[in-house]
Every structure is written in structure tokens, then in C-alpha cells.
Amino acid sequence: MASIKNMMMANTLLSNPSVETKKGLFGLSTKFYYIPSGSIIKGYEFDYDTENGPRIKDLLETKQENLEEAIAKISDIKSSQIGGYRLQVAVSDDHQFAALQMFTFSDFQYRPMTDVKIYVGDRAKLISKIL
């Protein structure tokens, strides 16, 4: 699991009106919640090789109306141990909210390839299938 606060998409994610931040006892821990369902949001990072990274990028650039068809085409994608592409994901435990952003590795750092894509409801459940 990745720390949401340390993700490059953190500012966009935390400025979303459907996301709430709650500090734990003495401010030592922070949890993020999807407000409509009250579900905890957790962060993840997945690396992809040069074959699968562009396929994930294409999926993120697909119109949300065509999401189901696009996911069916890439059901065989697997993450790799180390790759030139990184997908940062924040998803609620109930899969009603998902935020994703794709990065590519160049000049010794990850650079954004896509904007942050936010999915809610049934579309969030669909996109969660690729994780």
C-alpha cells in the first residue's frame, strides 16, 4: 500500500469535495474517506513494462461511456516488479470511488502521462477490476 499523502496526485485527490481527511489520535495517523459511502480510501502503486504501460494509459484516456468495452480488451494486463510506467491509484474499500494517474520514468524520475482520472459508482467498480 502507498501513502496517499506522498502520491503526486495527492493535491488533486484531496481537493475533491467527495474526499474527507481525518486525523487520528494526537494527529499521528491520517485516513481518507469517500464521503457518500463513508468508505476508507487506500493508495496503491503498480509498475508496468513497456508492453502493458501504454495499454493502461490508453484505458485512462478512454471516455467513461466506453469504459466497459476498453476494460474487456485489457483483462490480461499484469503489473511487473519494475517497469518504466507507474500507475498511482486511490480506491475506496467499497469500490465506489477510484482515482488513477499514469506516470512514465524518464530522466531518473516519474513524470505524469495522464491527468488524474476520477471514477465514481459503477464506473469505479469497473476500473477497480484491473487492479
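Asp-107 sits in the loop between β5 (97-106) and β6 (109-112). Strands here are DSSP runs of E with at least two residues, helices are runs of H or I with at least four, and both are numbered from the N terminus. This is a predicted model: local features need pLDDT of at least 70, side-chain atom pairs count only at pLDDT 80 or more, and totals for chains, interfaces and linings use all residues. Residues are numbered from 1 along each chain as its sequence is written, and side-chain values use heavy atoms, with hydrogens and water left out.

**The β5–β6 turn**

- β5 and β6 form a hairpin with 2 residues between them.
- Phi of Asp-107 is near 55°, a positive value in a residue other than glycine.
- Asp-107 is exposed, with a relative accessible area of 62%. Exposed means over 50% relative accessible area, buried means under 20%, and partly exposed lies in between (1.4 Å probe, protein chains only).
- Phe-108 lies in the loop between β5 and β6 as well. Its phi is also positive, near 65°, and Phe-108 is not a glycine.
- Is Phe-108 buried or exposed? Phe-108 is exposed, at a relative accessible area of 80%.

**β5 and its partners**

- β5 is mostly covered, with 7 of its 10 residues buried.
- β5 pairs with strand β4 (residues 85-92) in the antiparallel sense over 7 bridges. Two strands count as paired if DSSP finds at least two bridges between them.
- Tyr-85 has Thr-104 in β5 as its bridge partner.
- β4 and β5 form a hairpin with 4 residues between them. In that turn, His-95 has a positive phi of about 60°.
- β5 and β6 run antiparallel and are joined by 4 bridges. Ser-106 stands opposite Gln-109 in β6.
- β5 and strand β7 (residues 117-120) also run antiparallel, joined by 4 bridges. Here the bridge partner of Ala-99 is Ile-118 in β7.

**Ser-128**

- Ser-128 belongs to helix α4 (residues 122-128).
- Ser-128 is buried, with a relative accessible area of 10%.
- Which residues does Ser-128 contact, leaving aside its neighbours within four places in sequence? They are Val-91 and His-95. Contact means heavy atoms within 4.5 Å.

**Pockets**

- On a 1 Å grid over the protein atoms alone, a pocket is an open set of points with protein on both sides within 12 Å along at least five of seven lines, whereas a cavity is a set where a 1.4 Å probe fits but cannot get out; lining residues have an atom within 4 Å of a point.
- The largest pocket has a volume of about 180 Å³. Volume is the space filled by probe spheres set on the points, which are joined across faces, edges and corners.
- Its lining includes Met-1, Ala-2, Thr-30, Phe-32 and Ile-40.
- β2 (30-34) and β3 (39-48) each supply at least two residues of that lining. β3 gives the most, with 4 residues.
- By class, the lining of the largest pocket has 6 nonpolar, 3 polar and 3 charged residues. Nonpolar covers Ala, Val, Leu, Ile, Met, Phe, Trp, Tyr, Cys and Pro; charged covers Asp, Glu, Lys and Arg; the others, Gly among them, are polar.
- The second largest pocket holds about 150 Å³ of space. Among its lining residues are Phe-46, Tyr-48, Ile-71, Lys-129 and Leu-131.
- The lining of the second largest pocket divides into 7 nonpolar, 2 polar and 2 charged residues.
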